[in-house]
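Let's walk through this fold together, one piece at a time. Keep the viewer open and turn the model as you read.

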Amino acid sequence: MGQLFGTDGIRGRANAYPMTCELAMKTGQAVGILTQKSSNRCVIIGRDTRISGPMIESALTAGIASAGVDVMITGVIPTPGVAYLSRAIESCGAGIMISASHNPYYDNGIKIFQKGGMKLSDEQEADLEKMILGPPIELPSKIGTIVSVDDAQERYAQFLVKKFNFQNKQRKLKLVIDTANGAASFCASKIFTPDIFDVSFIHNTPNGININEECGSQHTKDLSDHVRKVNADIGLAFDGDADRLIAVDETGRQITGDTLLAVLAKFAKQTGKLGNNIVVSTVMSNVGFGNALAQLDIKHEITGVGDRKVLERMQETGAVMGGEDSGHMIFLDEQTTGDGALSALKLIEVMLETQRPLSELSMVMTVYPQVLINVKVDASRPDFMKVPIVADTIKEVESQLGSQGRVLVRYSGTQPLLRVMVEGPEENLTRQCCEKICQTIKKSL
């Protein structure tokens, strides 16, 4: 990671460095210059529902247009919608999504897609960063145009819906969908339509500051309550930019990304659609996920944290399926980035084709108790393994758990947090071990 780009673009508190209008405008100029150099004519911009979104959108738009490149503005749309449109629109040389994903409303971010809908490589981010942080960019005399893409949501929705045929099923599944007051708030009803599903929506009235607030993929209690109240078959929760999916089964139990990925991998293998018989996940995946894939005789590739790392390993191995326990899942034969709605439709397809409830399907994987605690640390990110007492405590816990668990301590790619994750054979022991490491870190860093 560089000075600006973390694991998923540029991110920070809106109106404070690096998420300032000044930096956003220069980012737009840099993206515009690189787009022009590749002989493409336009950049497409989407955003989620944060109050700061239009402000940053305006700054980016001004920067791109000042670089002589046309701008197409979609307004509120999921991140995967921007990825799709940047691939579907021939003249498009890049796509930009303004979102801080699952973070609170006061944060925001800039995610950049290259032509074709893939996120930037490390090298491309480094090139952009040099331009953004460097001297004033020399701009051409030509000025780009700015237009709105009024049918962006419909185009994205149709891209997804046409992949599935749910019309002739014996009964409509009853769904409850939580859009997190975020980017899916308006287009979810265009994807999960009442002619196909018995569907109700919650947390779909964004006001600029309620995105992810006690709702969405990070907070599923309300969704669980609604599922039980209306006797729904499944609850589906997206995050702020709708590139993640967390589900709730018919009993109200939360089903996280690892288990969903195991369910989908099993079905893909059975139907001959699991490319190279490989699934990619990150080091954050539950121990039970690897065990489940082994039992299914599916090869398991493990990579670093972040969907870009997952995508890179998928491309290297020829895998078409990969993801994270956070619910960020990539189906490379159909989409170039994580897509919460696509993941949801695929899960619904499995339920309809197998005629089995999610509670039963999820039994494919035994989840090891996992505790994840975030510890606030200095933004300088000191090397915690060089602090003897911290390193010794981690080793002590690893020795205590042995082969029945594991420890993973890493810095957040987007916030000044040290993430401490411990898995173990039972909940109380796992939590005690995690808290022991966290207390040592708080006293020592």
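This is a predicted model: local features need pLDDT of at least 70, side-chain atom pairs count only at pLDDT 80 or more; totals for chains, interfaces and linings use all residues.

Residues are numbered from 1 along each chain as its sequence is written, and side-chain values use heavy atoms, with hydrogens and water left out.

Let's begin with the sheet. Helices (H or I, at least four residues) and strands (E, at least two) are DSSP runs, numbered from the N terminus. Seven strands make up an open sheet in the order β1-β2-β6-β5-β3-β4-β7, and the pairing is mixed. The edges belong to β1 (5-6) and β7 (146-148), each with a single partner strand, so one side of each has no neighbour in the sheet. Two strands count as paired if DSSP finds at least two bridges between them. Strands of a sheet pair through backbone hydrogen bonds, either parallel or antiparallel. You can find the antiparallel sort where β1 meets β2 (residues 9-13), over two bridges; G6 has G9 in β2 as its bridge partner. For the parallel sort, look at β3 and β4, joined by six bridges, with G46 partnered by G75 in β4.

Stay with β3 for a moment. Six of its six residues are buried, where buried means under 20% relative accessible area, exposed over 50%, and partly exposed in between (1.4 Å probe, protein chains only). In a regular strand the side chains alternate between the two faces of the sheet. Here C42, I44 and G46 point one way from β3, V43, I45 and R47 point the other way, and all are buried. Over in strand β4 sits T74, which counts as buried at 11% relative accessibility. Leaving aside residues up to four places away in sequence, T74 touches I44, I45, G46, L85, V149 and A152; a contact like this means heavy atoms within 4.5 Å.

Now for helix α3, which lies across β3, β4, β5 and β6 and runs at about 175° to β5. Axes are lines fitted to C-alpha atoms, for helices over the stretch in contact, and angles run from 0 to 180 degrees between N-to-C directions. How enclosed is α3 by the rest of the structure? Largely, because eight of its ten residues (79-88) are buried. Those buried residues are T79, P80, G81, V82, A83, Y84, L85 and S86. Their cover includes β3 (42-47), β4 (70-76), β5 (92-98), β6 (107-114) and α5 (152-161).

Rings of Phe, Tyr and Trp (its six-membered ring) pair if their centres lie within 6.5 Å; planes under 30 degrees apart count as stacked, over 60 as edge-to-face and the rest as tilted. By this rule the count is seven aromatic pairs. Y84 and F159 make a stacked one, at 4.1 Å centre to centre with 15° between the planes. Y84 belongs to helix α3 and F159 to helix α5, so the pair ties together parts 75 residues apart in sequence. Y84 counts as buried at 14% relative accessibility, and F159 does too, at 6%. Elsewhere, F164, F166, F192, F197 and F238 form one aromatic cluster.

Next, the helix pair. Two packed helices are described by the angle between their axes and the distance between the axes. For α1 (residues 21-37) and α2 (residues 53-66), the axes come within 6 Å and cross at roughly 35°. From α1, the contact uses C21, A24, M25, T27, G28 and Q29, and from α2 it uses M55, I56, A59, L60, A62, G63, I64 and S66.

Finally, the backbone. A cis peptide bond joins Y17 and P18, with omega about 5°, and P18 lies in the loop between β2 and α1. S101, in the loop between β5 and β6, has a positive phi of about 55° although it is not a glycine, and counts as buried at 2% relative accessibility. H203 is not a glycine either, yet has a positive phi of about 50°. You'll find H203 in the loop between β9 (198-202) and α7 (221-230), and at 21% relative accessibility H203 counts as partly exposed.
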